[in-house]
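This report covers aromatic ring pairs and the sheet with its packed helices.

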Amino acid sequence: MAAAAAPLPTLPLLLFLLTFLSAASASPHISAVISQSGLDFVKDLLVSRAAEAIVPLEVPDIERSVSIPVIGTVDMVASGIVLHGVAVDDSTVAVGDDGIVVAASLSSVNLTMGWSYSYSAWVVTISDSGNASIQVDGMDVGISMGMKNQNGSLKLFVTECGCNMKSLDISLNGGASWFYQGFVDGFSNHIRSSVENAITKKIMEGASKLDSFLGSLPKKIDVDSIAAMNVTFVSDPLFKSSSVEFDIDGLFIPSDKTAVSRHMHFRGVKYVPPLGSSSKMLWISLDEDVFNSVSALYFKAGSLQRMVDKIPDQLFLNTASWRFLIPRLYQKYPNDDMLLNISATSPPSVRINVGRIDAAVDLDVTVNVLDFDEIVPVACISVSVTVSGAAVVSGNNLAGRVELDYFSFTLMWSKVGKLHTFIVQRVMQILLKKLFVPYVNSYLKRGFPLPIIKGFSISDAYILTSQSRIIVSSDVAFIGGHTPYLSQ
């Protein structure tokens with residue numbers, strides 16, 4: 001038998017932490033590691049589904065001619081051999097230098113079959129038939145699999161696969177007593193090898209389907225009509241003593257889609273605790289370049305520019321609210337509504353450090369007045385803003401929130417008189433806290449999808465920050481419904 005392994009398709013899950021593939025890149029920006037507890041989760045799920053999928057299993061008919069004392073040569077046939085049920089007693093998964101080995105021990109295996117025989121006695125042909133039940137007291141099955149990066153996708157290959165049946169008990173119904181022992185002696189080993197070969201073939205078929213499944217995974221994750229995450233594998237999986245690591249590109253690229261539904265699940269949000277648990281199933285590490293790539297993409301697309309006419313404190317968008325701070329504005333445009341044109345002048349920059357996430361952005365804020373339905377610019381201020389934030393996991397998405405840390409400004413021009421530094425500072429502080437930060441947080445709350453295969457859900461997630469990286473550690477649950485291969 002092959003050196004330990006698992007019956008059936010066991011790798012699609014090993015990828016629940018991974019992504020949906022794409023074209024290869026030079027270096028990884030996202031790394032995903034399945035720990036031993038994650039491998040055990042995958043193994044338990046796949047082995048249980050393998051046991052369900054393997055039955056009923058039909059075994060080819062067996063024909064033999066057996067020489068029996070006194071009787072002579074008897075032609076015997078075992079037909080309609082069907083494996084009806086298996087019970088998994090134990091299973092294991094281990095990681096070697098070149099792949100994964102999954103093995104399962106089956107405590108009981110039940111088969112039924114039909115039997116018949118015929119022989120010639122002088123000029124008369126004597127025949128009989130009946131049915132039989134077969135009880136197998138224990139069976140070991142296993143498969144060893146490796147994976148390689150093939151043009152940005154994962155290629156699965158089987159290195160060993162086998163099945164070993166232990167003791168076999170055949171109970172025949174009908175027929176003459178002399179026939180029983182001859183049949184058992186003549187057919188036990190053949191039934192054993194036929195069943196072992198049929199199960200091995202079934203496992204290999206499952207591995208082939210798994211390879212096709214991996215090859216059909218999407219090559220990017222669309223976020224919206226502008227951005228998509230490139231989830232191309234950039235190297236072969238790294239097999240360690242108790243984990244498997246997958247490295248993907250992870251940077252954002254232009255999307256060729258119109259608005260796309262991302263199957264977001266906004267459940268309870270869990271903010272960063274000081275430490276995660278080493279027993280978590282899945283660890284996903286994202287480099288700060290991932291976040292800087294998406295900010296550059298949105299900036300290039302012109303999406304970091306907004307004309308704002310509604311804010312939570314709507315009164316601030318009326319000149320009456322500014323009559324004491326900027327009297328000339330109110331005198332010139334009494335009780336007029338205001339619009340703010342906020343534009344990033346360069347892509348926001350994200351920096352991640354131990355226990356801290358910072359971002360900086362340069363903005364031009366043009367203040368406009370709606371005067372008799374005409375938009376009139378009255379002032380422009382250049383602002384450099386620094387915020388600090390926390391990452392959160394919401395469903396299968398990585399989201400966040402920020403708070404204002406610091407800002408500096410320069411008055412570019414004004415049509416409502418010279419504005420004193422104190423006035424501009426006060427105005428900008430109100431605008432940034434009441435408008436800019438809530439507006440940014442409304443977008444960060446949506447987040448973007450983590451590289452998780454549909455049909456699986458992150459649970460009990462924690463977030464750590466290290467030098468230039470965010471690390472998400474979590475458990476994973478199988479929710480079904482989106483992964484046809486695993487639902488078969």
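Y117 and Y119 are both buried, a term for under 20% relative accessible area, with exposed over 50% and partly exposed in between (1.4 Å probe, protein chains only). This is a predicted model, in which local features need pLDDT of at least 70, side-chain atom pairs count only at pLDDT 80 or more, and totals for chains, interfaces and linings use all residues. Residues are numbered from 1 along each chain as its sequence is written, and side-chain values use heavy atoms, without hydrogens and water.

A search of the whole structure gives nine aromatic pairs. Rings of Phe, Tyr and Trp (its six-membered ring) pair if their centres lie within 6.5 Å; planes under 30 degrees apart count as stacked, over 60 as edge-to-face and the rest as tilted. Two of the pairs are tabulated.

| Pair | Centre to centre | Angle between planes | Class |
|---|---|---|---|
| Y117 and Y119 | 6.2 Å | 15° | stacked |
| F291 and F448 | 5.9 Å | 50° | tilted |

Because F291 lies in helix 3 (residues 288–300) and F448 in strand 20 (residues 448–449), their pair ties together parts 157 residues apart in sequence. Helices (H or I, at least four residues) and strands (E, at least two) are DSSP runs, numbered from the N terminus. F291 is buried at 13% relative accessibility, as is F448, at 10% relative accessible area. W115, Y117 and Y119 are linked into a cluster by ring pairs.

An open sheet has six antiparallel-paired strands in the order 10-11-1-13-22-21; two strands pair if DSSP finds at least two bridges between them. Its edge strands, each pairing on one side only, are strand 10 (238–239) and strand 21 (456–466). Strand 13 (residues 282–287) and strand 22 (residues 469–478) run antiparallel and are joined by six bridges.
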